[in-house]
Amino acid sequence: MLIVKHNKEFLFISGCDRSGTTALVRLLNNHEKICLGMERYKGLITKDCVSRLNKDRFKKENFFNIKDEETNIQWDYFYDPLKEKFDDCDIVGDKVPRYFQIYDDIESAFPKAKHIFIIRDPFDVASSWKVRAKDKNDINWVSTNDVSRSIQVWNMSLKKAYHFLKAKNGNMLVTRYEDVFSGNQSELERIVSFLGLDESSNLLESFQSLTQDWDKRKNKKSALNEDEISLVKNNAEIDFSNHLLNYSLLK
């Protein structure tokens, strides 16, 4: 007889847009005990809708019954493998970069939830924002989400995460995109340990595959010009990002 586990833990992944939240979800979903949505409830993070984000949304019958008002991502190839392992998974959750805007609401609805906040080099974030802002065919990105705006959001995300950690004593792991996707296995182990899970051969194999081209990716030419590089250098709160990471390690 199939025994279905009902007492699943909740995990939310956030970070400034273009910081690697998608890559992190794709990686972690290779663990047999993890089922994370891909911006599954991005439509509910507005002030008018956030009260509808609750534990019922993560019941199997709701999680896989995707509605237009909840998200614009409805990928069968992504969700079909999750559906097959959902009953036996220990952790269910979602990633939306802007979940950092509603940490308090998540804490109210999911008091024991875990969070992973990912930081990426602000120059790379800004470059990615610029590329998407300039792409007229990218219907999911507005042109005003440019280099200047990227730094505003990057700084804001850090402050939101720090406030959640310090003032709310949030159950959060802070990591760097570069530490994970450079192939640093100890960082992967730290994440798995934080989640309270055993090691996974599937996860390790996927990690090795996803990180094998790191040297090529880290040397990718930036889209930023000299003025934009100066803009990032003078406005991104890099020292504060280091402080946030160090503070989280002391928790």
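**Charge pairs**

I started with Glu39, which counts as buried because its relative accessibility is 14% (buried is under 20% relative accessible area, exposed over 50%, partly exposed in between, with a 1.4 Å probe and protein chains only). The model is predicted, so I noted the limits: local features need pLDDT of at least 70, side-chain atom pairs count only at pLDDT 80 or more, and totals for chains, interfaces and linings use all residues. Residues are numbered from 1 along each chain as its sequence is written, and side-chain values use heavy atoms, with hydrogens and water left out.

Which residues does Glu39 pair with? I found a salt bridge to Lys95, with the closest N and O atoms 2.8 Å apart (a salt bridge puts a side-chain nitrogen of Lys or Arg within 4 Å of a carboxyl oxygen of Asp or Glu). This pair links distant parts of the chain: Lys95 sits in strand 3, Glu39 in the loop between strand 2 and helix 2, 56 residues apart. Both Lys95 and Glu39 are buried. Helices (H or I, at least four residues) and strands (E, at least two) are DSSP runs, numbered from the N terminus.

Lys42 also bridges to Glu39, at 2.8 Å from N to O. Lys42 is partly exposed, at 29% relative accessible area.

I then checked Arg217 and Asp213, whose side chains meet in a salt bridge at 2.9 Å, N to O. Arg217 is partly exposed at 27%, and Asp213 is partly exposed at 33%.

**Strands**

Strand 2 is mostly covered, with 5 of its 5 residues buried. It runs parallel to strand 3 (residues 91–95), joined by 5 bridges (two strands pair if DSSP finds at least two bridges between them). Gly37 has Asp94 in strand 3 as its bridge partner.

Strand 4 and strand 5 also pair in the parallel sense, over 5 bridges. Ile119 stands opposite Arg176 in strand 5. From strand 5, Met172, Val174 and Arg176 point one way, Leu173 and Thr175 the other, and all are buried.

Leaving out residues up to four places away in sequence, Lys114 touches Glu9, Phe10, Leu11, Phe12, Asn171, Phe194, Leu195 and Gly196 (contact means heavy atoms within 4.5 Å).

**Helix 3**

Helix 3 (residues 76–85) has Phe78, Tyr79, Leu82 and Lys85 as its buried residues. Seen down the axis, they fall within an arc of 120 degrees, so they line one face (the arc is that of directions from the helix axis to the C-beta atoms). Their cover includes helix 1 (21–28), strand 2 (34–38) and helix 2 (60–63). The face turned away carries the exposed residues Asp76, Tyr77 and Glu84.

**Whole protein**

I counted 12 helices and 5 strands. Of the 251 residues, 48% count as buried. The C-alpha atoms fill a box of roughly 65 × 40 × 40 Å along the principal axes. Among contacts with a separation of 6 or more, 79% come from residues 24 or more positions apart.
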